[in-house]
Amino acid sequence: MKNKWNQTEIIIFGVGDIGTDLCKRILEIDAASLKYLCDNNPEKQGRFLNGVPVVSPAEAALTYPRGFFLITLYNHTDEVRKQLLSLGIPEEQIEVFTKEDYINDTDRKKQEEKKVQYQKWCEEHNSRNIELKNKYAGKRCFIIGTGGSL
């Protein structure tokens, strides 16, 4: 999917949780490529989300017929795909960003954060262990404890 993201015109279909989060992520990576968010709900249209206009699917398809449409819905993805096809968007320009994609990406991010935190913790504790070892070198002492930090 990332190769398709290299296109210059990205449109997110769906302004729910996944679409909102994906919007933030794309803005961090390449703000210029995210052109629109679109949604079938007229109450969401005409607003802005993080500076990106929310429009109807018809307006998005008319304005960016060569755009890459990311569907970010939990349900009704087949209906939305058919809707985009009926608006003239080719199949190869439509991608479903599924709940699994969102969860996996989120999990990977959390795992990386935990890995960095663990590495930092190990560095801090290893330096403390080295400090104690140097302080008590040549002396009789016992270290009482458990775990990998010993």
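A residue is called exposed when its relative accessible area is over 50% and buried when that area is under 20%, with partly exposed in between; the legends below describe a predicted model.

**View 1. The stacked aromatic pair of Tyr118 and Trp121 in helix 5.** Tyr118 has a relative accessible area of 53% and is therefore exposed, whereas Trp121, at 37%, is partly exposed. The ring centres of Tyr118 and Trp121 lie 6.2 Å apart and the ring planes make 20 degrees, so this pair counts as stacked. The two residues are three positions apart in helix 5 (residues 99-135), which means that about one helical turn separates them.

**View 2. The edge-to-face aromatic pair of Tyr36 and Tyr64.** This is one of the two aromatic pairs that the structure holds. With ring centres 5.4 Å apart and planes at 75 degrees, Tyr36 and Tyr64 form an edge-to-face pair. The pair connects distant parts of the chain, since Tyr36 belongs to strand 2 and Tyr64 to the loop between helix 3 (57-63) and strand 5, 28 residues apart. Tyr36 is buried at 13% relative accessible area, and Tyr64 also counts as buried, at 19%.

View 3. Strand 2 (residues 34-38) and strand 4 (residues 52-55) run parallel and are joined by two bridges, with Leu37 opposite Val54 of strand 4.

Notes. Residues are numbered from 1 along each chain as its sequence is written. This is a predicted model: local features need pLDDT of at least 70, side-chain atom pairs count only at pLDDT 80 or more; totals for chains, interfaces and linings use all residues. Side-chain values use heavy atoms; hydrogens and water are left out. Two strands pair if DSSP finds at least two bridges between them. Helices (H or I, at least four residues) and strands (E, at least two) are DSSP runs, numbered from the N terminus. Rings of Phe, Tyr and Trp (its six-membered ring) pair if their centres lie within 6.5 Å; planes under 30 degrees apart count as stacked, over 60 as edge-to-face and the rest as tilted. Buried means under 20% relative accessible area, exposed over 50%, partly exposed in between (1.4 Å probe, protein chains only).
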